[in-house]
Amino acid sequence: MTNRIQQLFAQKPEGLLSVYFTAGYPNLEDTVPIILELEKNGVDLIEIGMPFSDPLADGPTIQQSSQVALRNWMTIPKLFEQLQDIRRHTQIPLVLMGYLNPVMQYSVERFLQKASEIGIDGLILPDLPLSDYVREYKELFEKHQLSNIFLITPQTPEQRIREIDRHSNGFIYMVSSASVTGGTTERSVVNTAYFERVKALGLRNPGIIGFGIHNRDTFTQACNHASGAIIGSAFIKALAQEGSLQQNISTFIQSIKQEQIA
Amino acid sequence: MKYQVDDNGFYGRFGGAYVPEMLYPNVEELRQNYLKIMAEPDFQEELQVLLRDYVGRPTPLYFAKRLSEKYKTNIYLKREDLNHTGAHKINNTIGQILLAKRLGKTRIIAETGAGQHGVATATVCALMNLECIVYMGEVDIQRQAPNVARMKMLGATVVPATSGSRTLKDATNEAIRDWINNPEDTYYIIGSVVGPHPYPDMVARFQAVISEEMKAQLQEKTGSENPDYVVACVGGGSNAAGAFYHYLDTPEVKLVAVEAAGLGIDSGESAATSVLGKEGIIHGSRTLLMQTEDGQVTEPYSISAGLDYPGVGPLHAHLHQSGRAIFESITDEEALQAVLELTRLEGIIPALESAHALAAIGRLGAKPDEVVVINLSGRGDKDLSTYLDRFKFDDK
C-alpha cells in the first residue's frame, strides 16, 4: 500500500516539518482553516489531536488546549463531520492523534473505516500497546490503508525498536527525551547519542523527532538526526496569541522555516 | 472460572497495560521483577518483621456482639483501622517501598485522594529515608488539610494537581507524568489495585495479608476458616482485594463489594462505577469506567474522598462481570448512619469509606447462624470534621 505519508517520505526524505494541533482549539470550527493555513505556509504533515479529558502523555499546554476543545464540544463525530470534504481542498498527509478510550467508545473498527473514507493517512494512539495492535487491529489498519505510528524513547531497548519498526508502515515517532509533551529544556534535542544509535539500526521506516521541539534552533538540530521534526505545544501557544489565525500561523511557521533557508 | 490475573496481566477481559511507550520500560521492569523479589526470603523476612512490629499486624478480628444482636447474625470486624497510620493502606506502601529499594530507586512518587495513601507513603519514605513527592488534587488539598499537614510533617513534598477536575484522577495523571519525566531513579507507589499491570496484582498481593489472617482467626473463633460473607467497600478496591483474595476460589464464601452511591445512583452525583460505568481505559487499565458517551472520563462524587474514583480495579470489574462478587451501593446518608451506629454500639468510630461496608449489613439477608466479616478498612479520625458538621452534636 502507499498512502500520502509514504509518498511524502519518498519525495522529501529530510527536513520535514510536521505540526500538531488540538482539534477544537482555540475555537470549535478552526480545524479546517488551521489545516489549510498550515499547508499554505509549507508544512509537510499535520497531526490533528483528538482531545481527551485525561491526556497522560501531555504537558500543561496540550492539556489546557484539550480542555478548551472539550468545553467547545469537540467530539470524534464532530471532527469527522468537519473533515468530511477535506480531500477536496488539500492533499497534505493527515494523521489523527489521540488516546484509546474515546476511539474505543466510538468503536475502533468504525473509526478506522470512517477515517479512511475521509482520507486520513495515519493514526497515533500512544496508549494502544504494540501487542494489542498486532493481535487485534493490525489487519484492520492495513485493510483501511492507515499507517499506525508508534513512539520510541531513549529508553526503548533495541530489540523493541526493531519489533516496532517491523510493525510500522509510515514513520516512527522518536520522542526526544524522557518527558511529556511541551518540555523546553535544551537537553530534549541534543540527545545525539540516542538519535545516532537509532540511525545506526538501519530501520525500514523513517523517523521524525518530537517532544520539546519549539523553535527554529531545536527544529534544525532535530532535522540533522532524522527525517524531520514535530512541533506541538509551541504551535498551540502561538495560536493563543492575539491576532488572526492566519497571522499567528504564518508568523510561527515562518519563524521555524527561515532558519533552513539561512 | 479463574479470578487471579493471567500471564498477560488480564482478569478476564479487564486489566492489561495501556501505557504510552514512555512508560513501557518502567512498567516492564516492574513486571519482570515483582514476583521474583516478593518471593525472596530476605524480602519476606524484612516485610514480615515490619508488618508485625511497625504496622501492628496481625490486626484483630473482633466479634461485634451488639452489632450482631441488632442484625441477628454473627458479625466480625477485621480491624484494619488499628494499623499504623489508621488504615489498610500501609500494608501496600510497606511492601512497595521494600521493592523500590531492591530495584535501586531513590525517589518515590505517589498519588492521593483523601490523603490516606499519601500519609502511608510519606510514612514509609521517612522510615526508609527516601525522597517522597505526593500528588494531590488542589480541591482535595483544601478538603483534607490534616492529612496534608501530616505528609509535610513526615518530610514529603505535596504537589497540587491543578489539571482537569483537580481531584484523585488528576493527581494520578500528574504522578504518571512525573514518572514519564523521571524514568530511571523514580518509583511510583500506586495506592490501589488500579493502573497498568502489574500494579493491580502486586497491590492485591500486598493487601492479601488481610484475608490470610482472617482465615486463621476465623478458624480459631468459629471452627471454620470460611465465613458466609466478606464485605468491603470499593473505590479503586485495594482493601476489598485484600479481604477477598484468599476466598476468590472458594465459591461458598459470598464476596460483597460496596460502592459509594453518593447522593443516589441516578442523582448525577455518584461513584457507583459498577452501575454507572462502561468498559473503558483509565490510568493504563481496561476496566469499568464512568465516562460520557464520547469516552471522556467523568468526575464521580461521594462524601468519602477515598471512594470517589471514576474507575474500579480490573479484578473487581471481572468479579462484577462474572458474578463472583455481589455489588451494592450505599448513599452518603446511609454511610453516615452506619458511622453513628458503629460508634454507639461498639465504641468504634469508622472511616467514611468503611462505613459504606457497614451500611450494607442490613442488605445481606444473613441468617442467625451465618458469619459475616466486615473489613473495617480505616478509622474515622480523618473524617471528624465531616462528622461534627453533619451530626451537629451541640444541638442534641
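This is a predicted model: local features need pLDDT of at least 70, side-chain atom pairs count only at pLDDT 80 or more; totals for chains, interfaces and linings use all residues.
Residues are numbered from 1 along each chain as written, and chains are lettered from A in the order they are written. Local features need pLDDT of at least 70, side-chain atom pairs count only at pLDDT 80 or more, and totals for chains, interfaces and linings use all residues, while side-chain values use heavy atoms, with hydrogens and water left out.

**The interface**

Contact here means heavy atoms within 4.5 Å. Chain A puts 35 residues into it and chain B puts in 33 residues. Together they bury about 2800 Å², with 53% from carbon and sulfur atoms; that is accessible area (1.4 Å probe) lost on putting the two parts together, summed over both. On the chain A side, A:Asp54, A:Leu56 and A:Gln105 lose the most area, together 22% of what that side buries.

There are two salt bridges between the chains, counted when a side-chain nitrogen of Lys or Arg lies within 4 Å of a carboxyl oxygen of Asp or Glu. One of them joins A:Asp54 to B:Lys169, with the closest N and O atoms 3.0 Å apart.

**Chain B**

| Property | Value |
|---|---|
| C-alpha span of chain B along its principal axes | about 55 × 45 × 40 Å |
| Contacts in chain B with a separation of 6 or more that join residues 24 or more positions apart | 73% |
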